Amino acid sequence: MRGIISAGGYLPYWRLQRSAVGAFHGSGGKGTRSVASYDEDATTLGVEAARIALARTGVVPQSLWFTSSTPTYLEKTNATIVHAALQLPAATAAFDLGGAVRSGVGALRAALSSNETTLVVSADIRTGLPSSSDETAAGDAGAALV
C-alpha cells in the first residue's frame with residue numbers, strides 16, 4: 001500500500017512581528033512569521049522535521065530525498081548531511097532535489113509512486129526583498145513525510 005505513514009514539521013522558535021515590518025516599510029500585516037536563528041539553515045530545519053517524522057514510526061527509509069529552494073550548500077549535497085544527522089543506515093540512498101519552491105511537491109509525488117519506503121524532507125529559509133510579500137507572508141520551516 002502506498003501513502004503517507006508519518007509526518008513531522010519544525011518551526012524555528014524566533015518570530016518577527018509583521019507590524020514591525022509595517023512600521024518600517026509601511027506594509028506588514030498582523031501576526032508573526034517564523035524566523036530561523038543565526039545557527040539554523042534549511043538543512044537543520046529539515047533534520048529537525050525528519051527526526052519528528054521518524055520518531056513516530058519504526059520504519060527505516062530505503063531512500064531520503066531532500067528538497068529546498070534555499071539549500072545550505074549549492075555545490076555539495078545537502079541530503080548526505082541530513083542522512084548523517086539522522087544516523088540512517090549506509091544502505092539508505094540520499095538524493096537532493098531542489099532549486100524551485102515546488103520541488104517538495106514533485107518529490108512527494110515521486111515518492112508516492114515509488115515502490116520503496118522514502119523519507120521526503122523539505123525545508124526553506126524564506127527571505128524576500130524589503131517590503132515584499134515574501135518578507136512578511138513567508139516563514140522559515142521544515143517538513144518531512146515518510
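These exercises walk through a predicted model, each with a worked solution.

**Exercise 1. Two salt bridges**

Find how many salt bridges the whole structure has, and name the partners in each.

Solution. 
- Step 1: Start with the count. A search of the whole structure finds 2 salt bridges.
- Step 2: Take arginine 33. Its partner is aspartate 140, and the closest N and O atoms lie 3.2 Å apart.
- Step 3: Arginine 33 sits in strand β3 (residues 32-35), while aspartate 140 sits in the loop between α5 (133-137) and β7 (141-145). The two are 107 residues apart, so the pair links distant parts of the chain.
- Step 4: Check the surroundings. Arginine 33 and aspartate 140 are both buried.
- Step 5: Turn to the other bridge. Glutamate 48 pairs with arginine 51, and here the closest N and O atoms are 3.0 Å apart.
- Step 6: Glutamate 48 and arginine 51 both belong to helix α2 (residues 42-55). Because they are 3 residues apart in that helix, about one helical turn separates them.

**Exercise 2. Sorting by accessibility**

Decide which class glutamate 48, arginine 51, tyrosine 13 and glutamine 87 belong to: buried, partly exposed or exposed.

Solution. 
- Step 1: Buried means under 20% relative accessible area, exposed means over 50%, and partly exposed is in between.
- Step 2: Glutamate 48 has 29% relative accessibility, so it counts as partly exposed.
- Step 3: Arginine 51 has 39% relative accessibility, so it also counts as partly exposed.
- Step 4: Tyrosine 13 has a relative accessible area of 66%, so it is exposed. Its place is the loop between β1 (7-10) and β2 (14-17).
- Step 5: Glutamine 87 has a relative accessible area of 70%, so it is exposed. It lies in the loop between α3 and β5.
- Step 6: The phi angle of glutamine 87 is near 55 degrees, which is a positive value in a residue other than glycine.

**Exercise 3. Threonine 92 and its contacts**

Locate threonine 92, classify it, and list what it touches.

Solution. 
- Step 1: Threonine 92 is in the loop between α3 (79-85) and β5 (93-98).
- Step 2: Its relative accessibility is 5%, so threonine 92 counts as buried.
- Step 3: The side chain of threonine 92 reaches the backbone oxygen of proline 61 at 2.8 Å.
- Step 4: List the contacts, leaving aside neighbours within four places in sequence. Threonine 92 is in contact with Val60, Pro61, Gln62, Ser63, Leu64 and His83.

**Exercise 4. The largest pocket**

Describe the largest pocket by its volume and its lining.

Solution. 
- Step 1: The volume of the largest pocket is about 250 Å³.
- Step 2: Its lining has 17 residues. Gly3, Glu116, Thr117, Thr118 and Val146 lie nearest its centre.
- Step 3: Look at the elements. Those giving two or more residues to the lining are α4 (103-112) and β6 (118-124). The largest share, 3 residues, comes from α4.
- Step 4: Sort the lining by class. It has 10 nonpolar, 5 polar and 2 charged residues.

**Exercise 5. Threonine 118 beside the pocket centre**

Threonine 118 is among the lining residues nearest the pocket centre. Is threonine 118 buried or exposed, and which polar contacts does its side chain make?

Solution. 
- Step 1: Threonine 118 is in strand β6.
- Step 2: Its relative accessibility is 6%, so threonine 118 counts as buried.
- Step 3: A polar contact of 3.3 Å joins its side chain to that of serine 63. The threonine 118 side chain also reaches the backbone oxygen of glutamate 116, at 3.3 Å.
- Step 4: Leave out residues up to four places away in sequence. Threonine 118 then touches Pro61, Ser63, Trp65, Ala111, Leu145 and Val146.

Key:
Residues numbered from 1 in each chain as written. Predicted model: local features only at pLDDT ≥ 70, side-chain atom pairs only at ≥ 80, totals over all residues. Heavy atoms only, no water. Helix = DSSP H or I, 4+ residues; strand = E, 2+ residues; numbered from the N terminus. Buried < 20%, exposed > 50% of the residue type's maximum accessible area, 1.4 Å probe, protein only. Polar contact = N/O pair within 3.5 Å; in protein donor to acceptor, adjacent residues only side chain to side chain. Contact = heavy atoms within 4.5 Å. 1 Å grid on protein atoms, 1.4 Å probe; cavity = no way out; pocket = protein on both sides within 12 Å on 5 of 7 lines; lining within 4 Å. Points joined across faces, edges and corners; volume = space filled by probe spheres on them. Nonpolar A, V, L, I, M, F, W, Y, C, P; charged D, E, K, R; others polar. Salt bridge = Lys/Arg side-chain N within 4 Å of Asp/Glu carboxyl O.
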